[in-house]
Amino acid sequence: MGRSHFVFTVRLASGECVIARIARPDRGECFAGFAYWRRQLARVGIPVPRVLSMDLTGTVISWPIMLIEQAPGDDLCNVYADLTAVEKRSVADDLIDIQHRMRGLPPGPGYGGIAHYTDLRCHPRWSDVLWEYFTGAVDHLMPPQRQGPAIEEIRRTIHELSPQFDSVAPLPYLIDATHQNVLVDSGRVTAIVDLDEVGFGDALFPLGVARAGLLARGPEADCIEQVAAPLCVGPNRQRIFDLYSAIACLKMLAPSPLSVAGPPSADSQIAVRLWALLDAFAAAAAHKE
C-alpha cells in the first residue's frame, strides 16, 4: 500500500511479472506525474521502471490503473538489516550518484513536490514546505500528543532557521526515495519506484526521512548518514538534518487523509521507537551550536 494507492504484483500467463498500481478515483493525476517524471529521470540516467500501460479514465476498471515493469529487489528498509558493511557502502555510493544525476534536471518553479514543471501547487519558499509538513502532521495528532515538548521545539526551530531555509535554491530531489521506494538487490540500488512527484528544495530532507525510517526499524542508519554527510557541512546543517528527521517522525506517526495504510498502531515497536526518535531529534535540532 502506498500513500494513496494500492500496489500488486501480477503474474501473467507467460510467467512474467508486472506491477499494477491502482489509485483512488480522485488521485489519478499521480500516475500522469509518474509517467512524466519517469521520462525526465531516465534522461539523466536514474534507474526507473518503464511504464507499460495506464488508464486514467476508469474504463478498464473502476479506478485509475498503471502497469509498470517489475524491477529486481526490495525496499531498502526491508533488506537493510541483512546488508553487509560493504553492501551498505555500495548502496550509499549508488544514492550519491543518483543525487548527482538529479542535478541534470532544471531547477523548479517553486518548492515542494510537484507533478510537472508547470504545476502551480509549488510554494514560494522552502520554509513554507516545512511549515506545511509540520502543521499538517500536528493537526492530525490526538490533542494530548500535541502537548509534548518536541512539538514546540520543532516549531521554534523552524521559525529560528527560516531565513536560512529561505536561501535554499529550488533544486530537484527524489521526494519519496527514502527508506522505502529505493529497491536494493545484492547490495546495489536497482530502481527508484515512486515517481508521482519530484521535490524541489533541500535534498537533505528525504535523507532525514530515510534516517528516521531506518532507525525506527533497526539500530543504525549508517548508509544514510554517509550520503547525508556532504550535505551537512556548514553552520546549522547538522541541526537542520536533525530537524528534518524529527519532522519525518512526526509525519510517520500522524494519520494522513491521503493514506490508504495509516500510521503504525500506537503500541507497535515502530511507533514506540518513532516517538523516542522524535524527542531526540527535536531536542538536537533545538540546540544552538
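Which helix gives the largest share of the lining of the second largest pocket? Helix H3, with five residues. Keep in mind that this is a predicted model.

Let me stay with that pocket. Its volume is about 440 Å³. The lining counts 25 residues, and those closest to the centre are Gln99, Met102, Pro172, Tyr173 and Ala203. Four elements each supply at least two lining residues: helix H3 (85–102), strand S7 (171–173), helix H6 (204–215) and helix H7 (222–228). By class, the lining has 18 nonpolar residues, four polar and three charged.

Now the salt bridges. The count is 17.

Start with Glu160 and Arg239. Their closest N and O atoms are 3.1 Å apart. Glu160 sits in helix H5 and Arg239 in helix H8, so this pair ties together parts 79 residues apart in sequence. Arg239 is buried, at 3% relative accessible area. Glu160 is partly exposed, at 32%.

Next, Arg237 and Asp202. This salt bridge is 2.9 Å, N to O. Arg237 is in helix H8, while Asp202 is in the loop between strand S10 and H6, 35 residues apart. Arg237 counts as buried at 15% relative accessibility. Asp202 counts as buried too, at 6%.

The closest N and O atoms are 3.0 Å apart. Asp242 lies in helix H8 and Arg211 in helix H6, so the bridge joins parts 31 residues apart in sequence. Both residues are buried.

One last item. Arg21, Asp194 and Asp196 are linked in a network of salt bridges.

Notes
Residues numbered from 1 in each chain as written. Predicted model: local features only at pLDDT ≥ 70, side-chain atom pairs only at ≥ 80, totals over all residues. Heavy atoms only, no water. 1 Å grid on protein atoms, 1.4 Å probe; cavity = no way out; pocket = protein on both sides within 12 Å on 5 of 7 lines; lining within 4 Å. Points joined across faces, edges and corners; volume = space filled by probe spheres on them. Nonpolar A, V, L, I, M, F, W, Y, C, P; charged D, E, K, R; others polar. Salt bridge = Lys/Arg side-chain N within 4 Å of Asp/Glu carboxyl O. Buried < 20%, exposed > 50% of the residue type's maximum accessible area, 1.4 Å probe, protein only.
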